[in-house]
Amino acid sequence: MNKNNYITIFEELLDIINWNLLKQSTYKLNTDYFAAQNHLKALIYFHIAKLDSLRDLHNFMQSDSDIKEIIQGVSLGSLSNYNNNIKFEAYMPIMNEVIKKAMILLPINKDFQIPYPVKLIDSSTVGMTLTYFKWAEFRSTKAGIKLHTKYDLGRGIPEVIVVSNAKHHDKSKMNQLMTDKNCIYVCDKGYVDYKKFDQFTNDEKLFVTRLKDNAVVEEVENLKVSHCDIPLLDKNITIVCISRQ
């Protein structure tokens, strides 16, 4: 992709952002709005240009007069200060608003409506430097956060992202992620919580997960295999069941 394409995509993404919302958010958190604005612009461009480090970003912007007009204060020191000092919570309202817009505008892939929308639940741990992120300490020598995500499989985008300290267990965020009825939640066994599953069943929330190795299973009812006139899977897909003895 040439430079002009980078600039075009960059400017289109900036037009999506509600900067007044960022101004309100930084005011509530007592964070500098202009620094937060510059930081967000720099991060967006960092990903568009597929750069590897702050130094790459600094050098790239120094050589591009168009970018220097959009992002003010692009010294390497200022970029580092942005990363270390600006509160990430200031950007959460913007992210949530962009997600809401995308959920309305993006088409749904009907192949994943089987028969309800499918939501994937998972978390990712992001390591951080303990020197700068004391609030994210989860071990004596490490800092980090977890991004707990509800991913809409039909639209192909994250629907909800919850940020927590990395020491928080996955299942502690289930109530914030698994909120809707009439959809199927798919999650790993890190989210297994039998009491919550009982409540989900009563609330008509559907879910699919892996059982833990020490799970005790009791057969309640043996149901006959029903017939469906509509094929649910492609002909070249085979379901393999591995039973444990």
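Helices here are DSSP runs of H or I with at least four residues, numbered from the N terminus. On that numbering, methionine 61 falls in helix H4, residues 54–62. I keep in mind throughout that this is a predicted model.

**Entry 1: methionine 61**

**Entry 2: helix H3 on its own**

Next I went to H3, which runs over residues 33–48.

I then asked how many residues of H3 are buried. The count is 13 of 16, so I noted H3 down as mostly covered.

At the start of H3 I found a side-chain oxygen of aspartate 32 within 3.3 Å of the backbone nitrogen of phenylalanine 34. Just after H3, lysine 50 takes a positive phi of about 55 degrees.

**Entry 3: two positive phi values**

Lysine 50 is not a glycine, yet has that positive phi. I placed lysine 50 in the loop between H3 and H4. Its relative accessibility is 72%, so lysine 50 counts as exposed.

Asparagine 30 belongs to the loop between H2 and H3. At 73% relative accessibility, asparagine 30 counts as exposed.

**Entry 4: H2 against H3**

Helix H2 covers residues 19–28, and its axis comes within 9 Å of the H3 axis. The two cross at roughly 130 degrees, which makes H2 oblique to H3. I logged the handedness of the crossing as right-handed.

Which residues meet there? From H2 I listed Trp19, Leu22, Lys23 and Thr26; from H3, Tyr33, Ala36, Gln37, Leu40 and Lys41.

**Entry 5: H3 against H4**

The H3 and H4 axes are 11 Å apart, at an angle of about 95 degrees. H3 and H4 are therefore roughly perpendicular to each other. On the H3 side the contact involves Ala42, Tyr45 and Phe46, and on the H4 side Leu54, Leu57 and Phe60.

**Entry 6: H4 against H6**

Helix H6 spans residues 76–85; its axis and that of H4 come within 9 Å and cross at roughly 135 degrees. That angle makes H4 oblique to H6. H4 passes H6 in a right-handed crossing. For the contact I wrote down Leu54, Arg55, Leu57, His58 and Met61 of H4, with Leu76, Leu79, Ser80 and Asn83 of H6. So methionine 61 from my first entry turns up here, in the contact with H6.

**Entry 7: alanine 90**

Where does alanine 90 sit? I found it in the loop between H6 and helix H7 (92–105). Its relative accessibility is 0%, so alanine 90 counts as buried. Setting aside neighbours within four places in sequence, alanine 90 is in contact with Leu22, Ser25, Thr26 and Leu29. Leucine 54 is another matter: it is 36 residues from alanine 90 along the chain, with 21 Å between their C-alpha atoms.

**Entry 8: lysine 119**

Last, a strand residue: lysine 119 lies in S1, residues 118–128. Lysine 119 has a relative accessible area of 7%, which means it is buried. What does its side chain make a polar contact with? The partner is the side chain of aspartate 152, at 2.9 Å. Beyond neighbours within four places in sequence, the contacts of lysine 119 include Met103, Lys150, Tyr151, Glu159, Cys183, Ile184, Tyr185 and Val186. Aspartate 152 is on that contact list too.

Notes: Residues are numbered from 1 along each chain as its sequence is written. This is a predicted model: local features need pLDDT of at least 70, side-chain atom pairs count only at pLDDT 80 or more; totals for chains, interfaces and linings use all residues. Side-chain values use heavy atoms; hydrogens and water are left out. The expected span of a helix is 1.5 Å times one less than its number of residues. Buried means under 20% relative accessible area, exposed over 50%, partly exposed in between (1.4 Å probe, protein chains only). A polar contact is a pair of N or O atoms within 3.5 Å; within protein, one must be able to donate a hydrogen and the other to accept it, and residues adjacent in sequence count only if both atoms are side-chain atoms. Axes are lines fitted to C-alpha atoms, for helices over the stretch in contact, and angles run from 0 to 180 degrees between N-to-C directions. Angles under 35 degrees count as roughly parallel, over 145 as roughly antiparallel, 65 to 115 as roughly perpendicular and the rest as oblique. A crossing is left-handed if the near helix is turned anticlockwise from the far one by less than a right angle, and right-handed if clockwise. Contact means heavy atoms within 4.5 Å.
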